[in-house]
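The sequence and the structure are shown first, and the description follows.

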Amino acid sequence: IYFPLTMHSSVFASPTERSRIIMRLATAPIDALWLRIQPFAAATLGPLALRRYIEAARDLQRLGLPIVGEKTGTAGVALLAFGAIGGVESGITLGERFEINHLFKPPKPNDGGGFAPSPRVYLAAVGAFISRDKLQSLLAKPGMRTLLGCRDTTCCARGPVDTDRDPRRHFLIQRQGEINEISRRPEPVRAGQYLENFLRPATDRALRVAKVDPSFKATQERLEGWRLTLGAMNEVGPPASFALAPQGKRLQPHLQKNA
């Protein structure tokens, strides 16, 4: 049985409030925590907010329960590497943000007339998403196809040419690869491997892309902020604890009405 722990980020960041929550949950009949922190958006998550999430999630590990970060998207990979959570959850090319207010707004039709948003293309090289139309324009510029196109032929058979052919499949394969790369490493070296194998090169690539397409400046600045903050955390030493990974199927408890 999993417990969807939904709270505002200000409450999540408060040691006093977390202590109260931990006391309440210590005797609860639950097997795992699924964190729903709002507002949360991976594409705009600042380094301070990322650090606070890591520190708060580590505090919740005192419960001895598996912890999953919901709607964490690309940031979830960093949270996993730094031991804050034991599992990530997100939509397929979507679902990288959690904002309760959006649940009370009626859906808007997409360009195709339906209500499901069109899939975006995941650029694993920089950990960002882009629309299909913008991707084609970007890849047409010198050096960008080699820098950003998918070169995993088990994912995109013809390499960069096929990057946007099936965005959902491409995303699933790339995200699973990122998680597997972290999970197969010993826990004490995961943070360092994430910094060296993904975040550092992704920041450098984003800088190159931003020089060609200024709209990527925000992505470059976000990654640079993560790199500096997480790098400083890693210099102190590996995490003292790591969140447990969830096991089995997810069963959400239902509230029982009083007779």
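## Terms and basis of the model

A residue is called buried if its relative accessible area is under 20%, exposed if that area is over 50%, and partly exposed in between, using a 1.4 Å probe and protein chains only. Leu199, with a relative accessibility of 0%, therefore counts as buried.

This is a predicted model, in which local features need pLDDT of at least 70, side-chain atom pairs count only at pLDDT 80 or more, and totals for chains, interfaces and linings use all residues. Residues are numbered from 1 along each chain as its sequence is written, and side-chain values use heavy atoms, with hydrogens and water left out.

Leu199 lies in helix α8. Helices (H or I, at least four residues) and strands (E, at least two) are DSSP runs, numbered from the N terminus. In sequence, Leu199 and Val126 are separated by 73 residues, yet their C-alpha atoms are 8.2 Å apart in space.

Met233 belongs to helix α9, which covers residues 217-236. Its relative accessible area is 9%, so Met233 is buried. Met233 and Arg51 are 182 residues apart in sequence, while the distance between their C-alpha atoms is 8.6 Å.

## Aromatic rings

The structure contains 7 aromatic pairs. Rings of Phe, Tyr and Trp (its six-membered ring) form a pair if their centres lie within 6.5 Å; planes under 30 degrees apart count as stacked, over 60 as edge-to-face and the rest as tilted.

Phe171, like Phe129, is buried. Elsewhere, ring pairs link Phe12, Phe40 and Tyr53 into a cluster.

## Charges over rings

A charge sits over a ring if NZ of Lys or CZ of Arg is within 6 Å of the ring centre and within 35 degrees of the ring normal. The charged end of Arg120 sits over the ring of Phe129, at 4.2 Å from the ring centre. The ring of Tyr122 has the charged end of Arg175 over it, 5.1 Å from the centre.

## The second largest pocket

Rolling a probe the size of a water molecule over the atoms shows where empty space is left. The grid used here has a 1 Å spacing and covers the protein atoms alone; a pocket is an open set of points with protein on both sides within 12 Å along at least five of seven lines, whereas a cavity is a set where a 1.4 Å probe fits but cannot get out, and lining residues have an atom within 4 Å of a point. Grid points are joined across faces, edges and corners, and a volume is the space filled by probe spheres set on the points.

The second largest pocket holds about 350 Å³ of space. It is lined by 17 residues, of which Gly177, Glu178, Glu181, Asn197 and Phe198 are the closest to its centre. Helices α4 (73-81), α7 and α8 (187-212) each supply at least two lining residues, and the largest share, 6 residues, comes from α8. By class, the lining has 7 nonpolar, 5 polar and 5 charged residues. Here Ala, Val, Leu, Ile, Met, Phe, Trp, Tyr, Cys and Pro count as nonpolar, Asp, Glu, Lys and Arg as charged, and the others, Gly among them, as polar.

A disulfide is a covalent bond between the sulfur atoms of two cysteines. The test applied here requires a pair of cysteine sulfur atoms within 2.5 Å, and the structure holds 0 disulfides. Cys150 is buried, at 7% relative accessibility.

## Backbone details

A cis peptide bond, with omega of about 0 degrees, joins Gln38 and Pro39. Pro39 is in the loop between β2 (32-38) and β3 (40-41).

Lys71 is not a glycine, yet its phi is positive, at about 55 degrees. Lys71 lies in the loop between β4 (67-70) and α4 and is partly exposed, with a relative accessible area of 24%. Thr93 also has a positive phi, near 70 degrees. This residue is found in the loop between β5 (87-89) and β6 (97-98), and Thr93 is buried, with a relative accessible area of 1%.
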